[in-house]
Amino acid sequence: LVLLTGCGSATVKEEVKIIVPQGNPFIAVGNLVGEENIKIESVNGAAGVKAALVAGESDVVIAPLNLGTQLYNAGNSKYKLDSVIALGNTYIISKKAVTLSSIKDLEGKTILAYSKGGTPDIVLQYVLKENGVNANIEYQASLTEVVPFFVQGKYDYILAAEPVITNLQVNKKVELNVLNLQDYTDKTILQAAIFVNPNSTKQDSIKAVIKKIEKNVKEMNKDAAAYAQSIISKDVYFSDLGVEILSKSIPNSNLDFVKAKENKNVIEDYLTMIGYKLPNEEFYN
């Protein structure tokens with residue numbers, strides 16, 4: 001991947017409206033909350049970002065790469081792909097007493113997953129198939145709904161992601177085995193991406209916001225603890241997680257800034273992996 005950094009300062013002259021799902025994508029832009037001329041609205045789950053992509057009213061939408069691509073290919077979204085900010089954050093976890101040292105340990109086991117047909121589910125199914133593992137997958141609508149079944153011991157293996165994993169370890173005091181699915185495929189897993197509204201009249205300000213996001217992600221990865229302190233009071237979502245969970249989960253979240261046009265081959269490789277039609281050249285901002 002070509003990682004572009006050193007963007008310098010940027011001025012946002014007009015109000016730029018950003019829709020972002022809660023979780024790691026929101027954490028990645030957390031320090032921009034409350035900045036002048038930047039209006040960030042966080043939504044819970046994929047439904048909110050899907051609605052934003054279809055409505056076409058926001059200047060920037062941060063959404064799953066596969067969702068933005070699918071809607072664009074179907075003619076239901078005009079948003080163009082600018083960059084990817086969340087890479088592989090897809091894990092299988094078990095409690096320490098349950099064996100989980102390799103993907104092969106899932107042979108014949110039942111995994112409780114979430115968001116059937118969404119990115120984590122697609123990645124899970126691909127990695128299992130690529131490694132010749134036959135497992136039974138059951139579903140809940142969201143990771144939030146999966147966690148109680150795991151804590152209560154009703155399922156030994158679940159599909160999970162940060163910061164939920166760190167929350168289980170810190171707040172629930174659960175000792176875990178953690179298996180990173182990225183370790184079992186040579187394809188780069190790409191999750192949340194920045195989509196830009198090409199019809200917005202605020203293109204210069206949008207470019208400035210994206211430069212700010214790039215700088216923010218760099219600073220976050222440089223010092224996760226300081227970053228956690230800086231965002232904790234900016235939104236109730238962050239304060240509910242707490243400084244310890246934020247600072248410990250960020251290093252395992254695989255948040256980065258990857259410009260789409262410069263990494264088109266990596267993006268197309270991933271889209272091919274998950275069985276998606278490749279978008280045309282105009283898709284790339």
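## Overall shape and confidence

The protein chain is built from 11 helices and 11 strands. Its radius of gyration is 19 Å, which agrees with the value near 19 Å that a compact globule of 285 residues would have. Along the principal axes, the C-alpha trace spans about 55 × 40 × 30 Å. Buried residues make up 52% of the 285 residues, and among the contacts with a separation of 6 or more, 76% are between residues 24 or more positions apart. The chain exposes about 12,600 Å², of which carbon and sulfur atoms supply 46%.

The mean pLDDT of the chain is 94, and 96% of its residues reach 70 or more. Where pLDDT is low, the predicted coordinates should not be read in detail.

## Helix H4 and Ile122

Helix H4 covers residues 119–130, and its 12 residues reach 16 Å from the first C-alpha to the last, close to the 16 Å expected at 1.5 Å a residue. The buried residues in H4 are Thr119, Pro120, Asp121, Ile122, Val123, Leu124, Val127 and Leu128. After the helix comes Gly132, whose phi is positive, near 65 degrees.

Ile122 lies in this helix and has a relative accessibility of 16%, so Ile122 counts as buried, the cut-off being under 20%. Leaving aside residues up to four places away in sequence, Ile122 touches Asn66, Gly117, Ile274 and Tyr276. The C-alpha atoms of Ile122 and Gly275 are separated by 9.3 Å, although the two residues are 153 residues apart along the chain.

## Helix H7

Helix H7, residues 203–222, has 20 residues and reaches 29 Å from its first C-alpha to its last, close to the 28 Å expected at 1.5 Å a residue. Its buried residues are Ser205, Ile206, Ala208, Val209, Ile210, Ile213, Glu214, Asn216, Val217 and Met220.

## Salt bridges elsewhere in the chain

Side chains of opposite charge can pair when their charged atoms come close. A search of the whole structure finds 8 salt bridges, and one of them joins the side chains of Asp59 and Lys202 at 3.5 Å, N to O. Asp59 lies in the loop between helix H2 (46–55) and strand E3 (60–64), while Lys202 lies in the loop between strand E10 (192–196) and helix H7, so the pair ties together parts that are 143 residues apart in sequence. Asp59 counts as buried at 5% relative accessibility, whereas Lys202 is partly exposed, with a relative accessible area of 22%.

Another salt bridge brings together the side chains of Glu268 and Lys264, at 4.0 Å from N to O. Because these residues are 4 residues apart in helix H11 (residues 264–273), they are separated by about one helical turn. Both count as partly exposed, Glu268 at 21% relative accessibility and Lys264 at 24%. Lys264 and Glu268 are also linked with Glu281 in a network of salt bridges.

## Backbone features in loops

A cis peptide bond joins Glu162 and Pro163, with omega about 5 degrees. Pro163 is found in the loop between strand E8 (157–160) and helix H6 (164–170).

Positive phi values in residues other than glycine include those of Asn37, near 65 degrees, and Asn254, near 55 degrees. Asn37 is found in the loop between helix H1 (24–28) and strand E2 (38–43), and at 24% relative accessibility Asn37 counts as partly exposed. Asn254 is found in the loop between helix H10 (243–249) and strand E11 (255–259), and Asn254 is partly exposed, with a relative accessible area of 33%.

Terms used: Residues numbered from 1 in each chain as written. Predicted model: local features only at pLDDT ≥ 70, side-chain atom pairs only at ≥ 80, totals over all residues. Heavy atoms only, no water. Helix = DSSP H or I, 4+ residues; strand = E, 2+ residues; numbered from the N terminus. Buried < 20%, exposed > 50% of the residue type's maximum accessible area, 1.4 Å probe, protein only. Contact = heavy atoms within 4.5 Å. Expected span 1.5 Å × (residues − 1). Rg over C-alpha atoms; globule rule 2.2 N^0.38 Å. Areas by Shrake-Rupley, 256 points an atom, 1.4 Å probe, with all protein chains shown as cover. pLDDT = per-residue confidence, 0-100.
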